[in-house]
Structure formats: structure tokens, C-alpha cells
Amino acid sequence: MLGRPALIVKFLGYAVVFVWGELKYALRAVAVRHRARWFGATAASDRTRNIVIVGASFAGYHVARIIARSLPPESPYRVVVVEPNSHFHFTWVLPRFCVVKGHENKAFIPYGGYVAGAPDSVLRWVKDRVASLSPASVELQDSGEEIPYDFLVIATGSEVKDGLPSRVNATDKSEGMKRMRAIQDGIEAAKTVVVVGGGAAGVEVATDAKDLYPHKRIILVHSRSAVMHRFGKVLQAAAQNGLERLGVEVILEDRVVNEDAAAGTVTLRSGRELPCDCYINCTGQKPASDVVSGLSPTAISSTGHVNVKETLQIADDGLPNVYACGDVAASEAPNPNARVAMRQAAVVAENILLAASGELPTHVYKTSWADGVIKLTLGLDRSVSYLGDGVSDLMFSSKDKVVTLMAAMAWSRMGQKPYEDDYKETAQEFVQDGGDTKTEGG
């Protein structure tokens with residue numbers, strides 16, 4: 001009887017700790033900003049020591065925000081972010097916007113606002129990709145520039161070969177929107193849509209497509225015995241019921257072994273052949289750790305993740321100044337997601353701030369049952385939120401009032417006014433100066 005009330009109390013405690021952490025970072029940023037205004041800050045030319053962050057999704061962007069707004073104004077360090085994408089990709093809404101037309105631009109949030117307020121010249125942002133890493137520097141792919149570092153953060157996240165609806169696989173916003181529209185058009189034109197993968201992305205795409213186009217045949221194929229198999233049975237049942245309520249056909253314990261686009265069919269391992277006018281693959285996600293394998297082959301796990309210590313330094317004693325966080329890092333998180341990535345980012349940022357001041361990194365990352373909380377959409381206006389601690393679980397059903405879900409809130413959290421974007425497609429780099437974003441190379 002006490003299980004569920006106790007679970008609610010535990011989750012509220014988790015939320016309080018999270019809010020307190022955000023408040024602490026905000027207050028520290030204000031103090032740093034005032035010190036810089038009153039006493040001045042180290043000039044850009046004198047910031048000769050680099051904290052390089054590779055990747056700026058949920059983990060890397062949060063590391064950059066905390067460090068850039070927390071470094072003492074007189075510090076010789078600067079933060080260098082290397083990120084190939086023109087915009088922050090709000091991946092949670094990608095499945096929805098691959099089905100519903102007219103909102104795809106809202107998945108791409110302009111960079112800059114989230115790190116606003118840092119002292120002058122503390123942040124350099126480079127739109128490029130890392131080609132290789134050495135124990136002392138990173139080499140960029142497009143420019144060929146070699147950037148030395150004192151500290152390195154690997155936050156490259158995860159990747160999917162087929163891209164959408166899980167990842168965009170396009171660095172430019174306009175190209176990403178084009179790819180999303182192609183999937184929208186494919187679903188709209190199809191008589192039968194086959195969705196492969198019964199995780200969150202697959203369930204959401206299938207239910208959205210069937211809700212928007214109730215007369216189409218939508219088939220979900222999943223290799224496991226239940227959809228949402230990494231979660232508790234309560235959520236598995238809710239997802240199955242949501243699919244059945246809308247009329248999605250669910251095929252479990254089978255997998256696609258061949259897709260013949262010309263013939264308009266897919267073949268399953270069981271030998272069953274299905275008609276298919278539109279094929280959507282929601283499987284194949286893996287850690288984007290290839291660039292790390294050349295720096296420290298022994299730190300790469302059998303799953304391709306980067307092994308890390310409790311401090312999130314990579315598991316290589318010869319590289320104590322290299323950290324990894326987010327989807328690329330090996331952890332026991334029950335459900336790798338933005339919440340996990342940002343908690344890990346905070347640990348990495350605090351440890352680098354300590355090390356940059358000559359102290360030992362002492363902050364450690366511990367997995368929490370609350371990291372597994374998930375909100376799952378089951379059609380255009382319905383969703384469920386699930387949390388469980390391995391003993392008890394809770395699920396709340398809700399009606400979604402807007403088709404864009406939490407996109408507007410994400411823009412605001414990232415320091416941008418929804419949905420204003422003056423992006424120039426030729427922009428290559430922005431430099432943060434006291435909160436104003438300047439575009440160079442465009």
C-alpha cells in the first residue's frame with residue numbers, strides 16, 4: 001500500500017535536487033557576470049588554455065553552459081565547442097514531426113541562447129566535425145585546424161545509420177527539414193506503412209500515423225515479446241493498448257530481413273511477406289564513439305560505449321583530463337535520455353572546474369531510478385508518463401493540448417524565443433561575447 005505514495009515522495013525529492021542544482025548554477029553565473037563587470041575579465045588573446053567540448057546536444061551543450069558561465073572572469077581558460085550541426089536538434093519531437101506536417105522547423109533550436117551571459121570571449125563555437133583526437137589536441141575535419149586542449153569532453157551522443165525518425169543525420173537545418181518532409185510525404189502517399197522497432201520512436205510514429213490517417217494500414221514489427229520492452233509491464237501494456245485502440249497491427253517476436261522498395265514488400269524472418277509502400281526504420285541506435293577509438297582503444301566497451309570512471313573521466317589512467325558524458329558514455333542508466341545526459345554533464349562540468357583551479361575532481365555520477373521516467377505519446381492527443389523504481393511503478397495518462405508537444409518550452413529553456421530564427425545557412429561560427437551572439441564567416 002505504501003509503495004506508490006513512497007515512489008511519489010522519492011520522485012519529488014529527485015525533482016527538488018534537480019531544481020536546486022539549476023538554481024545554484026544560475027546564482028553562480030550571476031556572481032561571475034557581476035565580477036566581470038566590476039573588475040574586468042581576461043582578454044580573448046590571453047585565454048590560451050582550452051576546454052574543448054566535442055558535440056553540443058543535451059550533454060555537451062549543458063557542459064558548455066555550466067563551465068562558460070562559472071569560470072572566474074580572470075581565468076586563462078576558454079571553452080571551445082566543436083559541433084557540426086547548425087542548430088540544436090530537439091530529438092524528442094522528431095517522431096511527431098516526421099508524421100505531422102508544418103512544424104518541422106520547430107525541432108531545430110538556434111544555438112547561442114543557452115550559453116548567453118558568459119564573460120567576454122570565454123566561449124568559442126566552431127561549426128565543424130572532429131576528424132581525429134590526440135592526447136594533446138583535436139584536429140578538425142573541414143578546416144584542418146588543430147586545437148590544443150587542457151581538458152577534453154566527449155559528448156558525441158548516439159547515431160543511427162538510417163537517421164530519422166530518431167536522428168536527423170543532416171548538419172544543416174534546411175536539409176534536415178527536407179528529410180522530415182520526405183517522410184511526411186511518404187506516409188501521406190502510402191496505403192501501407194511498416195514501422196520497424198517497438199521502442200519509443202517506433203510506437204510514437206505508428207500511433208501518430210494511424211491517428212492522423214485512420215484509413216491507412218499501419219504495421220509495427222518488433223523483435224521482442226513486448227513493445228517498450230526495456231520498461232515495466234505497466235508501460236508495456238499501456239503502449240500495446242494504445243496501438244490496438246487506434247488499430248495499428250503489431251507483429252512481435254519477428255524482424256524484417258528484406259525490404260524490396262521496387263516490389264513494395266518487406267519480408268520477415270518468419271517468412272511472412274507484408275505489403276509496404278512506406279518503410280520506417282526505428283532501430284539501429286548506437287554510441288558515436290568512433291573518434292575516441294583512435295585516442296584510447298582500451299576505453300571502448302564491447303557495445304561501443306566509452307567506459308568511464310565514477311567521475312566520468314574516461315577509463316584510461318593515461319588521460320585524466322578527458323571526460324565522456326551522455327549517450328556515448330557507458331553507464332547503467334535505465335533509460336538513456338536527456339535527463340541522464342544533463343545530470344552527467346553537470347558532473348563533468350563541476351569536475352573540470354575543480355581541476356582547472358588545481359583541485360582533484362571529486363564529483364561522481366550515480367545512476368538513479370528516476371532517470372528512467374518517460375513520457376510516451378500514443379496518438380496525436382494522448383500520452384502516458386511512467387516512472388518505476390523496480391519495486392513499484394506509476395503511470396499517468398494525459399491529453400495533449402498542442403500537436404507540437406513541448407517544443408515551445410524547449411526553445412524557451414534553450415534561451416530562444418519560440419520560434420524565432422534568423423539563421424544564415426552560410427554561418428560557420430559564432431563567438432560568445434557578454435551574451436551577444438556574433439556570426440562569422442557568413
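Student: In which sense do strands E1 (residues 49-54) and E9 pair, and over how many bridges?

Tutor: Strands (E, at least two residues) and helices (H or I, at least four) are DSSP runs, numbered from the N terminus. Two strands count as a pair if DSSP finds at least two bridges between them. For E1 and E9 the sense is parallel, and the number of bridges is four.

Student: What kind of model is this, and which pLDDT must side-chain atom pairs have in order to count?

Tutor: Residues are numbered from 1 along each chain as its sequence is written, and side-chain values use heavy atoms, with hydrogens and water left out. The model is predicted, and while totals for chains, interfaces and linings use all residues, local features need pLDDT of at least 70 and side-chain atom pairs count only at pLDDT 80 or more.

Student: Which residues lie on each of the two faces of strand E9 (residues 151-154), and are they buried or exposed?

Tutor: In a regular strand, side chains alternate between the two faces of the sheet. Buried stands for a relative accessible area under 20%, exposed for over 50%, and partly exposed for what lies in between, with a 1.4 Å probe and protein chains only. Phe-151 and Val-153 are on one side of E9 and Leu-152 and Ile-154 on the other, and all of them are buried.

Student: What distance separates the closest N and O atoms of Glu-74 and Arg-35?

Tutor: A salt bridge is a side-chain nitrogen of Lys or Arg within 4 Å of a carboxyl oxygen of Asp or Glu, and the whole structure has 19 of them. Glu-74 and Arg-35 form one, with their closest N and O atoms 3.0 Å apart. This pair links distant parts of the chain, since Glu-74 is in the loop between helix H2 (58-68) and strand E2 (77-82) and Arg-35 is in helix H1, 39 residues apart. The distance asked for is 3.0 Å.

Student: How far apart in space are the C-alpha atoms of Gln-416 and Ile-109?

Tutor: Gln-416 is in the loop between helix H9 (407-413) and strand E23 (429-433), and at 17% relative accessibility it counts as buried. Leaving aside residues up to four places away in sequence, its contacts (heavy atoms within 4.5 Å) include Ile-109, Tyr-111 and Trp-411. Although Gln-416 and Ile-109 are 307 residues apart in sequence, their C-alpha atoms are separated by 7.5 Å.

Student: How many of the 13 residues of helix H5 are buried?

Tutor: The expected span of a helix is 1.5 Å times one less than its number of residues, so for H5 (residues 200-212) it is 18 Å, which agrees with the 18 Å between its end C-alpha atoms. The buried residues include Val-203, Glu-204 and Lys-210. H5 is largely enclosed by the rest of the structure because the number buried is ten.

Student: Which peptide bond that ends at a proline is cis, with omega near 10°?

Tutor: Most peptide bonds are trans. The proline concerned is in the loop between strand E10 (158-160) and helix H4 (173-189). The cis bond runs from Leu-164 to Pro-165.
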